[in-house]
Amino acid sequence: MVQEMQKRMDGLSWLRQLGKAARRAKIHKSSDEGRTEGAGGLVRRLGVFDLILMGIGASVGAGIFVVTGTVARDAGPGVTISFILAGAACVLNALCYAELSSRFPALVGGAYLYAYSAFNELTAFLVFGQLMLDYHIGAASIARSLAGYLVTVLELFPFIKDHMPKWLGSGGLELFGGFLSINFLAPILLIVLTLVLCQGVRESSIVNGIMTVMKIAIVLLVIISGAFEVDVSNWTPFAPNGFKEVVVGATVVFFAYVGFDAVANSAEECRKPKRDLPIGILVSLVACVALYIGVCLVLTGMVPYKSLGGDAPLAEAFSAKGLKFIVVLISVGAVAGLTTTLLVGLYVQSRLYLGLGRDGLLPSFFAKIHPKQRTPIHAQIWVGSVAGIMAALFNVKALSHILSVGTLTGYSVVSACVIMLRVKSDSQNHYGAFAKGFTKWHEALMCILGVACLAFASGLCYRFDAYFIYPVILAIMAILPATALHYRQEYAEPPGFSCPWTPLLPVASIFFNIFLFAQLHWEGWVRFLVVNTVAIIVYALYGQYHADPDLSASEDSSRYDKAPTVDDELPNASHA
């Protein structure tokens, strides 16, 4: 009996310890404070132009030549409005990212770091888990697509055409009833890009810059060439299937803009992060919006939307006009686009692992930085290996319907972080998170959760074709907690860039992101619950015992660089 009581007490003690650890948050003395770096840290070599090219490189892949046409089949010429609506929604998220990247300019981690600072340790680890699954599956899927497009380009040469084995293309050689899908080219491409990233941020930035400039040039050439073939009568009717199809199209093309958030993860390698990170995030997104709109207008103007079909609608449109050389350029542009998307994706993954390795939530193995190349070489090799194994053995494209869960989760949390970090708590404790009783901080949190729940309910009503008034009523109800956030809270002005119209703009961002979350395949919701469960178990068994959220208390971990202010000039590009 005594032993049973002791076991129960031990169990309760363990749960209390877990709860206490999960509520820990990362504390920063100042947005500009950080550790000075010797030979063991990252190096600041990225300028604002590098960041813009990184954002464009991550966002504009082969999809610009495909998704524009596939959505236009249903939305008609109104697909242009779909891209504008989706772009506007992404701007909301980008403004939130811009503020937080300016608030924490000296630290790597992106959405994980922001959640760790605004909420708590467990929330940050859950965000990391959702994002990382998206990144791992996405990298393997993109590598397979890149292999397929590269084979397509090589087959333009007559002596190669029809001589490429299946295990080199995007489809792969299927074994055991399709359980395995062998592809050798995809992991080889991942190895090459991983080696480039291991050489240093300057080298990888040069490769990304060259490929991104090539991609932009090809897209502009496609737009200009197609503009001379436009028949304006094809734009009438503009929305043949109604405005609802335009809205549905916006929910689809929203994910075509995903990638600008990669810029936020380069904070420690940016020369002037407080100034350049917001510029890189916003300018790269606006540039992507302009490119997508240009391609949409040209495509729907060249041919009637009803004739758009197949897997390469843009290439087919130019073929119909006899512009064969443009079709070749589209294939080359697709290779360049997928290469930069994959390169930046691998870069972001390694920096996230670096951040968790430093904080102790993952083994310190991931925090090791090569003394010469100044890159997180262990984390980089790890993410390249995981993607390489998945791309070599499995047709991960079949998992595409469970992607975007991490992206929408991360975007929603980042938007919430903007509000929570600005709230003036009625407690002197850190952001009010540990205050006893129901504080202003907790009130703001409840309002945000209310908006999220109403957005999900509204999205479900819209998805399952409920009477139109129901999602509208739920959206109007979300105005109530938004109003409470606006009038019942006091907000401090952040250092650096400030997201306008806070808290209303972040609330609108949260609502739209969760609304889109409700549109995902049901398997995506299952994946969300499963990943969270696994992440909680990993945290309970490892993370809670090794984490060190207080940067100033960690003497053995890799140090954080002090971020220069806008007016600072670095005397040496290699000094961090």
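Modeller: Let us begin with R527, which lies in helix α19 (residues 522-546); helices here are DSSP runs of H or I of at least four residues, strands are runs of E of at least two, and both are numbered from the N terminus. This is a predicted model, in which local features need pLDDT of at least 70, side-chain atom pairs count only at pLDDT 80 or more, and totals for chains, interfaces and linings use all residues. Residues are numbered from 1 along each chain as its sequence is written, and side-chain values use heavy atoms, with hydrogens and water left out.

Biologist: Is R527 buried or exposed?

Modeller: Buried means under 20% relative accessible area, exposed means over 50%, and partly exposed lies in between (1.4 Å probe, protein chains only). R527 has a relative accessible area of 5% and is therefore buried.

Biologist: Which polar contact joins the side chain of R527 to another side chain?

Modeller: A polar contact is a pair of N or O atoms within 3.5 Å; within protein, one must be able to donate a hydrogen and the other to accept it, and residues adjacent in sequence count only if both atoms are side-chain atoms. The side chains of R527 and D134 are joined by such a contact at 2.6 Å. The R527 side chain also reaches the backbone oxygen of Q130, at 2.7 Å.

Biologist: With which residues is R527 in contact, leaving aside neighbours within four places in sequence?

Modeller: Contact means heavy atoms within 4.5 Å. By that criterion, R527 touches Q130, L133, D134, I402, L403, V405 and G406, its neighbours within four places in sequence being left aside.

Biologist: At what angle do helices α16 and α17 pack?

Modeller: Axes are lines fitted to C-alpha atoms, for helices over the stretch in contact, and angles run from 0 to 180 degrees between N-to-C directions. For α16 (residues 469-477) and α17 (residues 479-488) the angle is about 15°, and the axes are 4 Å apart. Angles under 35 degrees count as roughly parallel, and α16 and α17 are therefore roughly parallel to each other. A475, I476 and M477 of α16 meet I479, L480 and P481 of α17.

Biologist: Which residues of helix α3 are buried?

Modeller: In α3 (residues 67-75) they are V67, T68, G69, V71, A72 and A75. Their cover includes α4 (79-103), α9 (243-253), α10 (273-302) and α11 (313-320). After α3 comes G76, with a positive phi near 70°.

Biologist: How many helices and strands are there in the protein?

Modeller: The protein has 19 helices and 2 strands, and 56% of its 576 residues count as buried.

Note on methods:
Angles under 35 degrees count as roughly parallel, over 145 as roughly antiparallel, 65 to 115 as roughly perpendicular and the rest as oblique.
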